[in-house]
Amino acid sequence: MRLLYQLAIFLIALGYFPKALFQSKRTLKSRFTVPALKPATKPRIWIHACSVGETKAASALLHYMQDYDLVISSTTDTGYATAKQLFPNAQHIFMPYD
C-alpha cells in the first residue's frame with residue numbers, strides 16, 4: 001500500500017513539473033528583479049500587501065489616498081490580480097518571495 005501511495009505522489013509530481021517550470025520561467029523576471037516604477041508626479045506611497053486578504057485590508061486605507069502616487073506590491077498572483085481590480089490607477093508590481 002505504501003509503495004502504491006509513493007508511486008501516486010511521484011506521478012502527480014512528475015505531471016506537475018512541466019507546469020511549474022513554465023510558470024517559473026514566465027514569472028522569474030518579475031519575481032527576482034528590482035521592479036521598474038514610473039516617475040512619480042505626486043508624492044508616492046508604496047503599500048506591500050502579500051495576498052488577497054492583505055490587499056483587501058489595505059483597500060480601506062488606500063481609498064483615502066487618491067492625492068498620492070500609489071504603488072501596490074504583492075507576492076501572490078491572486079493578490080496582484082485583486083490589487084489591479086481594486087486600484088486600476090495605481091502601479092502594481094510583484095515583489096520577490098518572502
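In this predicted model, a search of the whole structure turns up one aromatic pair. The partners are Tyr-80 and Phe-94. Their ring centres lie 4.4 Å apart, with 15° between the planes. Planes under 30 degrees apart count as stacked, and the pair of Tyr-80 and Phe-94 is stacked. Tyr-80 belongs to helix H3 and Phe-94 to strand S3, so the contact ties together parts that are 14 residues apart in sequence.

Now take the helix. H3 covers residues 77-86. Helix H3 lies across S2 and S3. Its direction is at about 175° to S3.

Three strands form an open sheet in the order S1-S2-S3, with parallel pairing. Strand S1 (44-48) and strand S3 (91-94) are the edge strands, and each pairs on one side only. From one strand to the next, the twist averages 20°. Strand S2 spans residues 69-74. Four bridges join S2 to S3, and the two run parallel. Ser-74 stands opposite Phe-94 in S3. Phe-94 is also the stacking partner of Tyr-80.

Finally, the pocket. The largest pocket has a volume of about 200 Å³. Its lining includes Lys-42, His-63, Gln-66 and Tyr-68. Asp-69, Leu-70 and Leu-86 also line the largest pocket. By residue class, the lining of the largest pocket divides into six nonpolar, three polar and two charged.

How values were computed. Residues are numbered from 1 along each chain as its sequence is written. This is a predicted model: local features need pLDDT of at least 70, side-chain atom pairs count only at pLDDT 80 or more; totals for chains, interfaces and linings use all residues. Side-chain values use heavy atoms; hydrogens and water are left out. On a 1 Å grid over the protein atoms alone, a cavity is a set of points where a 1.4 Å probe fits but cannot get out, and a pocket is an open set with protein on both sides within 12 Å along at least five of seven lines; lining residues have an atom within 4 Å of a point. Grid points are joined across faces, edges and corners, and a volume is the space filled by probe spheres set on the points. Ala, Val, Leu, Ile, Met, Phe, Trp, Tyr, Cys and Pro count as nonpolar, Asp, Glu, Lys and Arg as charged, and the others, Gly among them, as polar. Two strands pair if DSSP finds at least two bridges between them. Axes are lines fitted to C-alpha atoms, for helices over the stretch in contact, and angles run from 0 to 180 degrees between N-to-C directions. Contact means heavy atoms within 4.5 Å. Rings of Phe, Tyr and Trp (its six-membered ring) pair if their centres lie within 6.5 Å; planes under 30 degrees apart count as stacked, over 60 as edge-to-face and the rest as tilted.
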